[in-house]
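Biologist: I would like to go through this chain with you. Please set each value against its definition.

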Amino acid sequence: MKKPCRCLLGETDEKELLQNIKEYISGLDDDIRADEKTYGERLSICEKCVKLQNGVCLKCGCYVEMRAAVKNNRCPSENKYW
């Protein structure tokens, strides 16, 4: 499984990047992956955040879909929205 590169996005095809993110998430062990309800709720919150740009959290630089998929991860904002 290939992890997406944050530094060379100009050289990365968007479809390939999305596929890599989906593969990363589907490859997570069940014991660390957030359940679908939690994952969906987190993404819903992120979609409304002013720090979200093109799927990237401007607070920490992560791809929000990847961060939200891990059970023990938290929102990087000082307000900890999730």
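Modeller: Let us start with the elements. Helices (H or I, at least four residues) and strands (E, at least two) are DSSP runs, numbered from the N terminus. Read along the sequence, this chain has the pattern α-α-β-β-α. That gives 3 helices and 2 strands.

Biologist: What kind of model is this, and what limits apply?

Modeller: It is a predicted model, in which local features need pLDDT of at least 70 and side-chain atom pairs count only at pLDDT 80 or more, while totals for chains, interfaces and linings use all residues. Residues are numbered from 1 along each chain as its sequence is written, and side-chain values use heavy atoms, with hydrogens and water left out.

Biologist: How many disulfides are there?

Modeller: The count comes to 0 disulfides. C60 is in no disulfide, and its nearest cysteine sulfur, that of C62, is 3.3 Å away.

Biologist: Is C62 buried or exposed?

Modeller: Buried means under 20% relative accessible area, exposed over 50%, partly exposed in between (1.4 Å probe, protein chains only). C62 has 7%, so it is buried. C60 has 35%, so it is partly exposed.

Biologist: How much of the chain counts as buried?

Modeller: Of its 82 residues, 30% count as buried. The accessible surface of the chain comes to about 5,900 Å², and 49% of that belongs to carbon and sulfur atoms. These areas come from the Shrake-Rupley method with a 1.4 Å probe; for residues, only the protein chains shown count as cover.

Biologist: What makes a space inside the protein a cavity?

Modeller: On a 1 Å grid over the protein atoms alone, a cavity is a set of points where a 1.4 Å probe fits but cannot get out; lining residues have an atom within 4 Å of a point. Grid points are joined across faces, edges and corners, and a volume is the space filled by probe spheres set on the points. By this rule there is 1 cavity of 30 Å³ or more. The largest cavity has a volume of about 130 Å³.

Biologist: How many residues of the lining are nonpolar, polar and charged?

Modeller: The lining has 10 nonpolar, 1 polar and 3 charged residues. Here Ala, Val, Leu, Ile, Met, Phe, Trp, Tyr, Cys and Pro count as nonpolar, Asp, Glu, Lys and Arg as charged, and the others, Gly among them, as polar.

Biologist: Stay with helix 2. Why is L43 called buried?

Modeller: L43 lies in helix 2. Its relative accessible area is 16%, so L43 is buried. Contact means heavy atoms within 4.5 Å. Leaving out residues up to four places away in sequence, L43 touches V64, E65 and A68.

Biologist: What makes I45 partly exposed?

Modeller: I45 is in helix 2 too. Its value is 33%, so I45 is partly exposed. I45 touches Y81 and W82, not counting residues up to four places away in sequence.

Biologist: What share of contacts joins residues 24 or more positions apart?

Modeller: They account for 49% of the contacts with a separation of 6 or more.

Biologist: Where is K80, and what is its phi?

Modeller: K80 is in the segment after helix 3. Its phi is near 45°, a positive value in a residue other than glycine. At 46% relative accessibility, K80 counts as partly exposed.

Conventions:
A disulfide is a pair of cysteine sulfur atoms within 2.5 Å. On a 1 Å grid over the protein atoms alone, a cavity is a set of points where a 1.4 Å probe fits but cannot get out, and a pocket is an open set with protein on both sides within 12 Å along at least five of seven lines; lining residues have an atom within 4 Å of a point.
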